[in-house]
Amino acid sequence: MNMVQALNTALREEMRRDKSVVVLGEDVGRRGGVFLVTEGLIDEFGEERVIDTPLTEMGIVAFAIGMAMYGLRPVAEIQFIDFIYEAFDQIVNNAAWYRFRSGGMYNVPLVIRGPCCGGIRGGMHHSQSNESYFIHTPGLYVVMPSTPYDAKGLLKSSIRSDDAVIFLEPKSIYRTIREEVPDDDYTIPLGQARLVQEGSDVTLVTWGAMVHLAKEAAELLREKRGWSIEIIDLRTLQPWDKDMVVKSLEKTGRLVIVHEARKILGPGAEIAAYISENYIDLLRGPVKRVASYDTPYPLAHEKLYLPNLAKIYRAVTEVMQW
């Protein structure tokens, strides 16, 4: 399967398993979503469970919050995650905090999913990596898969969670990565990272589409410099798997973080700060971050804006030569 097929399968299986699961969003019904993630669901589950909404992100999320508070498990699609800001108030002031504000009387078992990140020449309004806004909000899980297998398992766990989940799907790998995805019912726990490959010289922490770039960079560094790179895919960005990162650093002593989000206050800043505050004695050199520039997302210069092999190669070289 590719990631689109894996996500579609996860939705279908969860809707069959639990009649409280509903899907809503712009064009998710007859159209099947702009990337066809919800294709065919309306034929099996009907218009009461696969709901085409008006073009209003604020309304989509508000409707979904109400559904979640009264017993349903809605999966709300934002057609491009760049347009989620219209619903920002509903997400951070309501979905994330209702359980706390109500003293536990209400849960909001809600998934807000949508395509994120760049790499498809979508320009500034269809390419954003805005995970940091939501990581900063207590009460939200923030998830970003990197493979079809993980996409299915993580989405199923998100739907079953009693807390609100922001589920970000890197659209550049929707159809470019294919792998075996089991037909059986499996989940991947939220907050559990994946060790992509073992190494002894540098720990490289990343997620989403950057996992595949990191693997290319690690192979290049092995061929050119003989260095062994350990790669960790966080999968869940809030809460992130601190234990796996620390365990890796006990072995390598060097940390490079790669992400598409902008560098200033990007997720890498929190990881670097946590390691510096608590485990600086493990480090043999400075923590390096490879991220996008702190500018609006450019169309013509996308390849220069995003992390690339050269930037990762340089960062690893600098920390190895410290």
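Strand E5, residues 140–143, pairs with E10 in the antiparallel sense over two bridges. Two strands count as paired if DSSP finds at least two bridges between them, and strands are DSSP runs of E with at least two residues, numbered from the N terminus. In this pair, Val142 stands opposite Gln238 in E10.

A word on the source. This is a predicted model, where local features need pLDDT of at least 70, side-chain atom pairs count only at pLDDT 80 or more, and totals for chains, interfaces and linings use all residues. Residues are numbered from 1 along each chain as its sequence is written, and side-chain values use heavy atoms, with hydrogens and water left out.

Now the whole sheet. It is open, has seven strands in the order E2-E1-E3-E4-E6-E5-E10, and its pairing is mixed. E2 (50–52) and E10 (236–238) are at the edges with a single partner strand each, so one side of each has no neighbour in the sheet.

Next, helix H7, residues 148–160. Helices are DSSP runs of H or I with at least four residues. The expected span is 1.5 Å times one less than the number of residues.

Is H7 mostly covered or mostly open? Mostly covered: eleven of its 13 residues are buried, meaning under 20% relative accessible area with a 1.4 Å probe, protein chains only. Among them are Pro148, Asp150, Leu154 and Ile159.

Conventions. Buried < 20%, exposed > 50% of the residue type's maximum accessible area, 1.4 Å probe, protein only.
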